[in-house]
Every structure is written in structure tokens, then in C-alpha cells.
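Q: I would like to learn how to read side-chain packing in a model. Please take me through it step by step.

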Amino acid sequence: AHRPLPASWERAVSAGGRARAEARANVKKAQAFEHVMRGAHGRRRLQDGDRVMWQGPTALEGGTAVLAATAGAEAAKEEAVHLCAMAAGKVSAVDELDLMLRSARATSRAAIALHVVVSSQTHAAVRALLHRSRAAWQSSDVTVIAADKVQAMVAQAMPGYNASSHHTGAWGAAKTFLHRLLPSVDRCILIDTDMLLLADVAQLWRRFDAFGPKTLMQLPLLHVHTPPPSAAVVRAQVREAESNGGTLGAKVARTIQDTDMCTCVNLLHLGRMRAGAWEAMVRDGWNAVDERKRGDHSKMRVSNQGVVHLALKQRPEAFKHLSLGWNLNHCANFYGCRFDSAAWECGEAQGAAPAAQQPTSEGLFAGAFHANCGKVKLPPGIKRHSKVPYSESQAEDAFFTSNPNKRPSWNDFSKFVAIVAATAWAPGRVGGLQPGTGEATGKQCVLRSSAVCG
């Protein structure tokens with residue numbers, strides 16, 4: 001049996017046999033669609049990815065109630081990719097977020113549900129960004145957090161932790177507790193704002209299907225470019241992890257350093273993290289550190305990445321390694337990869353399968369570009385290469401959007417940055433994003449890119 005729709009919908013139709021008949025037909029179509037949706041998913045309750053929103057008779061056309069499934073049948077069939085981002089503390093971080101989101105939309109036709117964590121300083125700017133880009137997302141929401149609340153939340157699991165001692169501040173620490181900050185999200189892909197996607201984010205989302213029953217997250221854990229003679233050993237470890245779908249052996253997991261990892265792109269199973277295992281791992285990892293070191297904030301400068309590393313040492317089976325192609329980063333000189341080319345494909349059907357790239361034996365391909373390790377303006381009294389505390393005055397401008405002429409070459413990845421920067425949010429356009437090529441608004445375009453890695 002299906003849930004009856006409100007009788008007021010039919011009463012809203014003006015008198016007249018034809019109008020009533022048309023209204024009843026629309027109601028039956030709506031009920032039939034809902035019945036199909038329920039039937040397609042067996043007896044389980046409709047989940048978030050199956051959500052159908054109905055619009056009542058707010059407008060009457062010739063006395064006939066207009067009923068519409070706003071998600072549409074095709075969107076309802078397709079599971080949305082849940083994308084998470086942190087843009088808090090500095091308004092300049094929203095400029096980075098803007099470009100990262102444009103890259104996510106440009107490279108994928110998948111339905112994307114967006115979840116952004118903000119602070120009071122960035123709330124208005126993020127709201128404005130989401131309004132401009134509203135046609136690009138299946139849904140979007142904002143969660144506002146405060147630095148003191150983050151500090152208190154983190155201190156419950158890690159007594160004595162000082163978020164401000166690390167240059168990412170409380171906002172970096174907040175990434176560790178997204179399972180609390182986003183209580184209604186079951187899984188999401190967290191991507192830092194100083195990254196641009198070169199490949200379809202749907203490829204990342206499908207990796208959740210390979211999670212084991214105890215897997216909590218998947219992120220780049222192994223770093224190839226280490227000095228000889230260990231470089232050959234690490235390359236062999238990467239190749240083994242790639243062949244095993246990212247699964248690491250216990251021996252390999254014990255050798256990982258926090259500087260090898262990157263929580264910049266992270267597949268998070270938030271539902272499992274909320275079940276209790278995650279915070280227990282964090283607490284045990286923190287308590288395993290010498291108490292004197294924990295109390296010395298000049299030595300114990302850990303943010304999200306350091307905390308994840310402490311948890312990894314406790315339960316390595318909860319982690320999987322993510323291909324290095326999803327973190328072609330400046331710190332590692334892009335693992336020897338160089339941007340090759342990019343081209344727009346326009347007009348294919350919504351939800352078309354992403355174009356997969358063949359990675360090298362070490363998992364290198366054009367997945368995501370990471371503009372880290374850039375030269376930034378340091379706070380007064382802080383020397384370069386020293387341990388930098390959080391500073392409100394240090395602007396976030398990883399992509400040099402304020403001065404493109406100063407943008408580095410980045411092994412030609414600057415060309416991709418320029419392509420993404422030339423796009424614009426377009427609410428009246430299919431897909432919500434206008435390429436810099438002047439394509440017709442009736443077509444959704446996707447950006448396909450490649451890199452040469454050798």
C-alpha cells in the first residue's frame with residue numbers, strides 16, 4: 001500500500017469534471033511513481049539517495065493541479081556523490097573553495113550532494129557561492145562551527161590538545177570530527193580547497209563499494225619520493241597496495257609516517273565512525289604518545305593529518321591506501337607527472353559513465369592536482385621552514401586567483417588551473433557551469449584531462 005497524498009491537493013482544483021479528472025490522473029501518476037520507487041528498493045525504507053520531493057498545487061494551469069517529482073526519475077535512480085569541504089576561518093578560503101567546486105562540476109556529470117562546513121567569518125560568502133552555483137548540485141547544505149566549540153570537542157578525545165599550535169588551527173582539527181559535524185551524512189568524499197579535480201569524482205565514490213566491513217577511510221598513505229635506498233622499497237609497497245585495492249599489510253602500515261600521508265582527499269565512512277570505533281582509536285593513539293610530549297605544544301603540533309596517523313597506528317585495518325594519482329601534489333613535484341591536455345565534451349547524457357584512465361603501476365594518473373607547499377606570507381616573527389602556528393592574517397590563495405601572473409608553472413598544471421578559472425556558474429545552464437568555450441546552454445559539458453607520468 002502506498003501513502004495517500006493529501007486530499008487538499010485534489011480540493012485545490014476548481015470545479016469542473018475535466019479539471020478534476022486531470023487532477024486525479026496526476027495524483028495517480030504521482031502515486032504510481034512513488035510505488036515504483038518503493039518497489040525498486042524492496043521493503044527497506046527509502047534512503048537519502050532515493051529521496052523524492054513533491055511539489056503541490058502552488059500554481060494552477062487552467063484549474064489543474066500541477067504535480068512534479070522535482071528530482072525526476074533519472075536523478076532518483078542515480079546515487080548522489082556526497083562531497084564535503086571545509087571553508088572556515090578566513091574569507092579567502094572561499095575563493096579556493098569556489099575553484100575546487102568548479103573543477104568538481106566541470107569533470108563530472110554525476111549528481112552531487114554538497115556539504116560545506118564554515119565559520120561565522122565565511123558563512124555569508126559560502127552562502128553566496130552556493131546560491132550562484134545552485135543549479136550544479138542535487139542538494140547543498142552548510143554547517144556553521146566555532147573555534148572554541150571545536151577545541152572543546154577535540155579535547156574530549158585528546159585532553160591537552162591545542163588546536164592553535166598548528167597552522168591549520170581549529171578548522172584543520174575539525175576535519176577529524178566530521179562524523180559529529182555532519183550527523184545525517186553516511187559517507188562523503190572530503191577534498192581540501194587547495195585541490196582541483198582532473199577526473200570524475202564518481203570514480204572516487206565507487207571505491208566505497210570495495211570497503212571491507214571494518215574500513216573507515218581511504219586516503220593517500222604511501223609517499224613514493226623518498227631518498228634512496230628506501231625509494232625502491234616504497235614503490236614496491238605502493239604497487240602491492242594498488243594491486244590489492246588499497247589494502248595495506250600490517251608491516252607496511254607500521255612504517256608509515258605522518259608526512260607520508262595526506263588527508264587532503266579522503267573517503268570517509270561517517271556512519272561507521274559515529275558507531276564509536278573512530279573516537280576510541282583517536283583516544284588510544286593520543287594516549288600512546290609520551291605525556292611530556294603531549295604537553296609541549298611546540299613539539300606536539302598535530303592537526304587532522306597527525307591525528308589520523310595516530311589512529312592508523314592503533315587500527316591499520318580500518319584504512320585503505322588511495323592511488324597517488326588523486327594527489328598529484330607540489331610538495332612531491334607531482335610525482336614526476338606533467339599536465340598533458342584537457343578538452344570539453346558536450347552533449348552526452350546526464351549520468352554517463354566517467355572516462356576511466358589507466359594508471360601506472362604506482363597509481364599515477366590525472367586524478368587531482370594539489371597546490372600545496374606554496375610560498376605564503378608568514379606572520380611577524382616566524383621564519384620560513386619553522387613550525388608555523390595558526391594566523392588569521394595569512395590569506396588562503398593557493399591558486400593565485402588574486403594575481404594569476406604570479407602563478408607558478410606547476411609542471412604545466414597551471415594550464416588546467418586557467419581552464420577551470422575561465423568557467424563560470426550559470427544557473428540557467430544544464431549542469432550549472434558555463435565552460436570558457438561558449439557552448440550552447442542546452443548542453444552539459446564535461447572536462448576530460450590527461451597527464452604524462454614517467
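Predicted model: local features only at pLDDT ≥ 70, side-chain atom pairs only at ≥ 80, totals over all residues.

Q: Where does helix α12 bend?
A: Helices (H or I, at least four residues) and strands (E, at least two) are DSSP runs, numbered from the N terminus. A bend is the angle between axes fitted to the seven residues ending at a residue and the seven starting there. Helix α12 spans residues 270–287 and bends by about 65 degrees at Gly276.

Q: Which residues of α12 are buried?
A: Buried means under 20% relative accessible area, exposed over 50%, partly exposed in between (1.4 Å probe, protein chains only). In α12 the buried residues are Leu270, Met273, Trp278, Glu279, Met281, Val282, Gly285 and Trp286.

Q: How many aromatic pairs does the whole structure hold?
A: Rings of Phe, Tyr and Trp (its six-membered ring) pair if their centres lie within 6.5 Å; planes under 30 degrees apart count as stacked, over 60 as edge-to-face and the rest as tilted. The search finds 12. Take Phe334 and Phe413: their centres are 5.2 Å apart and their planes at 40 degrees, so the pair is tilted.

Q: Why does this pair tie together separate parts?
A: Phe334 lies in the loop between β13 (328–329) and β14 (337–346) and Phe413 in helix α15 (residues 413–421), so the pair ties together parts 79 residues apart in sequence. Phe334 and Phe413 are both buried. Phe339 and Phe413 also form a tilted pair, 6.0 Å centre to centre with 50 degrees between the planes.

Q: Which residues do ring pairs link into a cluster?
A: Phe334, Phe339, Phe369, Phe400, Trp410, Phe413 and Phe416.

Q: Which side chain makes a polar contact with that of Asp412?
A: A polar contact is a pair of N or O atoms within 3.5 Å; within protein, one must be able to donate a hydrogen and the other to accept it, and residues adjacent in sequence count only if both atoms are side-chain atoms. For Asp412 the partner is Arg338, at 3.3 Å.

Terms used:
Residues numbered from 1 in each chain as written. Heavy atoms only, no water.
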